[in-house]
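Okay, thanks for making time, everyone. Let me put the structure up and then talk you through a few side chains and helices.

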Amino acid sequence: MSIDSLRRSARATVSGLPGGFWWLWLSTLVNRTGAFVLTFLSLYLTQELGHSAWFAGLVVALHGLGGVAGSPLGGMLTDRWGRRPTMVTMHLAAATCALLLAVVTSAWGVALVVLLMGVAMQGVRPSINATIADLVPAHEVRRAYALNYWALNLGFAIAAIGGGAAIFLGYRTLFVVDAAATALCALIVFLRLPETRPASKVDEETGKAVAEEKVSVLTVLRDAPFRTLVTLNLLVCLVFTAPWIGLPLTMTSEGLAPSAYGMVIAVNGVVIVGFQLLVNKITDKRSPVMLLTVSSLLFAVGTGATALAGSSLAFAATVVVWTIGEMVHVPTNAAATARLAPEHARGRYSGVMGMSWAVAGFVAPILAGWVVDGPGPDVLWTACAVIGAVAALGYQTRLRSALAHAEEDVPVPDAPLPAPPAPDPAPEPVPAPAPVAKTGTTAPATDAVSSS
């Protein structure tokens, strides 16, 4: 493939989206470029504050627990208050928490701040997802989610590299930079992003606003197809989260140095940054059910194969496999959520879906550590393979009909207008009868014309 063809392909991947989306994309990139807290939190707690590894793990788990509460809260505010106010508020709250971490040193003070940060960071996601669904045409929404996910990972990669290089400045300095980047993100949203919450429908006859059906978290959970989508996503999230705890423990048990894990897990970010646009190009216009099924199988194969790996190269290969599954799954699942949600309840639906990610972020690290310490790493990876396969089977058997209408809209050309009917042929003239001769008279010409 030539450079020109690659350039044309990249241009086609990023073209055709509204300007508001690109301001949101930029805010995501800025926010994640300064995301130092979660990256270096465990090191800060153990090396700077002298806490145990157990306490560090507990604090990280509290961040996930905060997300369980923050996701539905953010969804409710997104629909009631608006997309932009929710984003600005949650970003500023997260910036405040990052700033507090630079000055709070007590154990439980740090734990409380991290818990609140989890609420804020997860609470902003429903408003972001709803805004993308509002801004972008339905047949382009999966591509938009993929581009935003690419920005998120690109920013995270920059943060990891920049934070590692600047760590000599001190962890607290990095947290202040994180707060500044998050505040800048809020400023971009406030100044450049329009409010996209759909206006209330109006009765054409009376001119009054039509009362929309009230939607709560319980209402969303009573939506059977969406409830199934959330449940299957939870299974996939458990599989996706397990390597972040189980992989370093497994590699250590194989006699590999801790530095080897850093190189292997870096493959995840490199693959996403380098190939997310290509994967999106390949999967564009594909069936959501097929993509979710394939991504679940990639998670199953990638994590299951970890039980067979014994070298850094082999472990890296398994990371590549499940990372491809991640690149396919995340934007497809977000697009399916947007398509199943009513316009006036997109925030709440996205909030409930976000709960599945938060629950997995809280439960999976605990379960993975317990399984590795107990039955052993092989049991963990075998269980991940089974769960991933069950999720793939669920997408095929439980959601095929429900997501049939979630296929991307394909523009249909206007049907040609029917040709106008041909005019009735003019009646043929009837020849005038020949004049009849009468004795002593001549038929007048006017009589001949009138009789014809």
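So, start with E140 and R143: both of these are buried, and by buried I mean under 20% relative accessible area, with exposed being over 50% and partly exposed in between, using a 1.4 Å probe and protein chains only. Their side chains meet in a salt bridge, 2.9 Å from N to O. For me a salt bridge is a side-chain nitrogen of Lys or Arg within 4 Å of a carboxyl oxygen of Asp or Glu.

Quick housekeeping: this is a predicted model, so local features need pLDDT of at least 70 and side-chain atom pairs count only at pLDDT 80 or more, while totals for chains, interfaces and linings use all residues. Residues are numbered from 1 along each chain as its sequence is written, and side-chain values use heavy atoms, with hydrogens and water left out.

Back to the charges. How many salt bridges does a search of the whole structure find? Six. Have a look at R83, which pairs with D79, the closest N and O atoms being 3.3 Å apart; both residues are buried. R83 also forms a salt bridge with D134, at 2.7 Å from N to O. That pair links distant parts of the chain, with R83 in helix 5 (residues 83–101) and D134 in helix 7 (residues 125–135), 51 residues apart. Helices here are DSSP runs of H or I, at least four residues, numbered from the N terminus.

Now helix 14, residues 312–340. Its 29 residues should span 42 Å at 1.5 Å a residue, and the end C-alpha atoms are 42 Å apart, so that agrees; the expected span is 1.5 Å times one less than the number of residues. Because 21 of those 29 residues are buried, helix 14 is largely enclosed by the rest of the structure.

Over in helix 13 (residues 288–304) you'll find S296. Is S296 buried or exposed? Buried, with a relative accessible area of 1%. Leaving out residues up to four places away in sequence, S296 touches V236, G388, A391, A392 and Y395, where touching means heavy atoms within 4.5 Å.

Last stop, the surface. L184, L187, F190 and L191 make a nonpolar patch of about 400 Å², and F190 sits in helix 9 (residues 171–192). Patch residues have over 30% relative accessible area and no salt bridge, with nonpolar side chains (Val, Leu, Ile, Met, Phe, Trp, Tyr) joined within 5 Å and like charges within 9 Å. The areas come from the Shrake-Rupley method with a 1.4 Å probe, and for residues only the protein chains shown count as cover.

Technical notes
Helices (H or I, at least four residues) and strands (E, at least two) are DSSP runs, numbered from the N terminus.
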